[in-house]
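Look at the sequence and the model below.

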Amino acid sequence: MFIDNHTSSNSAPVVSDRQTLPAAGGALANISGVLKDLNAHFIGNYAISENTTDYYIEGGALLNDNKGNISNIKGDFIGNYVSGCNCDGGAIANIYNSNI
């Protein structure tokens with residue numbers, strides 16, 4: 001289970017061929033990786049930024065980015081969210097040529 005995890009604009013992952021994401025993947029960030037089976041519950045996770053100049057606040061619970069591949073997800077997504085400007089994926093953000 002992933003419960004009450006978060007990321008903020010101070011703890012964001014760096015994507016090598018794109019700009020740094022100010023806040024993304026509150027519980028889990030898969031960047032260019034391969035996950036065959038993801039069996040987990042995601043509860044109350046979030047990505048947040050209070051800075052109005054931050055872009056790409058993505059994936060309150062899960063970010064799949066930069067050609068990442070997730071074959072199967074089994075679990076519940078409850079109460080996950082993103083907050084800030086230019087938000088995508090309250091629970092899951094699947095971006096930049098990624099696959100679920």
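A residue is called buried when its relative accessible area is under 20%, exposed when that area is over 50%, and partly exposed in between, using a 1.4 Å probe and protein chains only. This is a predicted model, in which local features need pLDDT of at least 70 and side-chain atom pairs count only at pLDDT 80 or more, while totals for chains, interfaces and linings use all residues. Residues are numbered from 1 along each chain as its sequence is written, and side-chain values use heavy atoms, with hydrogens and water left out.

Begin with the sheet. Helices (H or I, at least four residues) and strands (E, at least two) are DSSP runs numbered from the N terminus, and two strands pair if DSSP finds at least two bridges between them. Strands of a sheet pair through backbone hydrogen bonds, either parallel or antiparallel. Here, three strands in the order 1-6-11 make an open sheet with parallel pairing. Strand 1 (2-3) and strand 11 (77-78) each have a single partner strand and stand at the edges, so one side of each has no neighbour in the sheet. Strand 1 is joined to strand 6 (residues 42-43) by two bridges, and Ile 3 is opposite Ile 43 of strand 6.

Next come the rings. Rings of Phe, Tyr and Trp (its six-membered ring) pair if their centres lie within 6.5 Å; planes under 30 degrees apart count as stacked, over 60 as edge-to-face and the rest as tilted. The whole structure holds three aromatic pairs. Phe 2 and Phe 42 have ring centres 4.8 Å apart and planes at 5 degrees, so this pair is stacked. Because Phe 2 lies in strand 1 and Phe 42 in strand 6, the pair ties together parts that are 40 residues apart in sequence. Phe 2 is partly exposed, at 25% relative accessibility, whereas Phe 42 is buried, at 0%.

Phe 42 also forms a stacked pair with Phe 77, at 4.8 Å centre to centre and 5 degrees between the planes. This pair links strand 6 to strand 11, with Phe 42 and Phe 77 35 residues apart. Phe 77 is partly exposed, with a relative accessible area of 26%.

Finally, a nonpolar core is a set of buried Ala, Val, Leu, Ile, Met, Phe, Trp, Tyr and Cys residues joined through side-chain atoms within 4.5 Å. The largest such core has seven residues, including Phe 42 and Leu 62.
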